[in-house]
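Here's a quick briefing to read alongside the sequence and the 3D view. Keep the structure open and look up each residue as you go.

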Amino acid sequence: MSTAVMGLLIPFFGTAAGAACVFFLKKNLQTGVQRALNGFAAGVMVAASIWSLIVPAIAQSEPMGRLAFLPAFIGFWLGILFLLLLDHVIPHLHRSADRAEQAEGPKSRLNRTMMLVLAVTLHNIPEGMAVGVVFAGLRSGTDSITAGAAMALALGIAIQNFPEGAIISMPLYAEERARRGRAFWLGILSGAVEPVFGALTVLLAGLVVPAMPYLLSFAAGAMLYVVVEELIPEMSAGEHSNIGVVSFAVGFSLMMALDVALG
């Protein structure tokens, strides 16, 4: 149980550490740095979706023979549709920011601040579910999921959450003129949903162990939706997009190495 609790909290610690950058850095992150961080995050999430989620989902369905892909296929699309629904309910950060920039005054700044926190919180939901699903599979004794692979996924997402926490707290302090403490706590707040949704997923998955392949691929679909819809466009925007591509490769290879080495 202690391993599962630690695994669920590790991604949150990554967000908190990133948000704490507001106490040590004086200026907002440069565009090139943000592009590199988004690329790194995208690489980590793609690798985690493949090796820690989709591959184990297919492995668990091997008794189905040639139809072993079916649970992963269905779960993957359910994850995509789930994030598509959330995307319609909660506006995108870039769309809400554009609308806020067209207005003036403290109200517009408050709206942009809230949309910033809300958008990153939306990103963190599938990540928390992904960690929860993997640890639920570990608790159920699934052979295709090892403690090393589960911790690799949690550590990889924590690494991805570090720049994410900084991307929230630093602009809030630099652009919205928020106090350092308020910017820090808002950054932490965006990551608080991860252990919550992770714990809920563990509890629910423990009741429906046969559905584990669907749950694993569901988390993979949700994470890849975030990558394609949000992170890749942001890492490729503007000039010198090769920075984002190289960072993507670094994040992907690092997560792949962690999954294999710790698995």
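Let's start with Thr15, which touches Asn161, Gly165, Gly187, Ser190 and Gly191, leaving out residues up to four places away in sequence. Keep in mind that you're looking at a predicted model. Thr15 sits in helix α1, and with a relative accessible area of 1% it is buried, because buried means under 20%.

- Where is Asn161 located? Its place is in helix α6, which covers residues 147-174.
- Is Asn161 buried or exposed? Its relative accessible area is 0%, so Asn161 is buried.
- Setting aside residues up to four places away in sequence, Asn161 touches Pro11, Gly14, Thr15, Asn124, Glu127 and Glu194.
- With Glu194, Asn161 makes a side-chain to side-chain polar contact of 3.0 Å.
- The side chain of Asn161 also reaches the backbone oxygen of Pro11, at 3.0 Å.

**Helices α1 and α7**

- Thr15 turns up again here, in the contact between two helices: Phe12, Thr15, Ala16 and Ala19 of α1 meet Phe184, Gly187, Ile188, Ser190 and Gly191 of α7.
- Sort the residues of this contact by class and you get five nonpolar, four polar and no charged ones.
- How do we describe a pair like this? Two packed helices are described by the angle between their axes and the distance between those axes.
- Helix α1 (residues 2-19) and helix α7 (residues 180-191) pack at an angle of about 160°, and their axes are 8 Å apart.
- Angles over 145 degrees count as roughly antiparallel, so α1 is roughly antiparallel to α7.
- As for handedness, α1 and α7 have a right-handed crossing.

- Which residues is Met151 in contact with, once neighbours within four places in sequence are left aside? They are Thr3, Gly7, Ile10 and Phe135.
- Take Gly7: along the chain, Met151 and Gly7 are 144 residues apart, yet their C-alpha atoms are separated by 6.0 Å.

**Helices α2 and α9**

- Helix α2 (residues 31-60) packs with helix α9 (residues 212-236) at an angle of about 160°, with axes 8 Å apart.
- That angle makes α2 roughly antiparallel to α9.
- Is the crossing of α2 and α9 left-handed or right-handed? The crossing is left-handed.
- The contact of α2 with α9 brings together 20 nonpolar, six polar and two charged residues.
- Now find Leu37, which lies in α2.
- Leu37 counts as partly exposed, at 22% relative accessibility.
- Leu37 and Leu231 are 194 residues apart along the chain, and 9.3 Å separates their C-alpha atoms.

**Helices α3 and α9**

- Helix α9 has another partner to look at: the axes of helix α3 (residues 69-89) and α9 come within 6 Å and cross at roughly 45°.
- The crossing of α3 and α9 is right-handed.
- On the α3 side, the residues that meet α9 include Pro71, Ala72, Ile74, Phe76 and Asp87.
- On the α9 side, those that meet α3 include Pro213, Tyr214, Phe218, Leu224 and Glu229.
- By class, the contact of α3 with α9 has 17 nonpolar, four polar and two charged residues.

**The whole chain**

- How many helices and strands does the protein chain have? There are ten helices and zero strands.
- Read from the N terminus on, the elements run α-α-α-α-α-α-α-α-α-α.
- The protein chain has 263 residues, and 51% of them count as buried.
- Look at contacts between residues at least 6 apart in sequence: 84% of these join residues at least 24 apart.

Conventions:
Residues numbered from 1 in each chain as written. Predicted model: local features only at pLDDT ≥ 70, side-chain atom pairs only at ≥ 80, totals over all residues. Heavy atoms only, no water. Helix = DSSP H or I, 4+ residues; strand = E, 2+ residues; numbered from the N terminus. Buried < 20%, exposed > 50% of the residue type's maximum accessible area, 1.4 Å probe, protein only. Polar contact = N/O pair within 3.5 Å; in protein donor to acceptor, adjacent residues only side chain to side chain. Contact = heavy atoms within 4.5 Å. Axes fitted to C-alpha atoms, helices over the stretch in contact; angles between N-to-C directions. Parallel < 35°, antiparallel > 145°, perpendicular 65-115°, else oblique. Left-handed = near helix turned anticlockwise from the far one by under 90°. Nonpolar A, V, L, I, M, F, W, Y, C, P; charged D, E, K, R; others polar.
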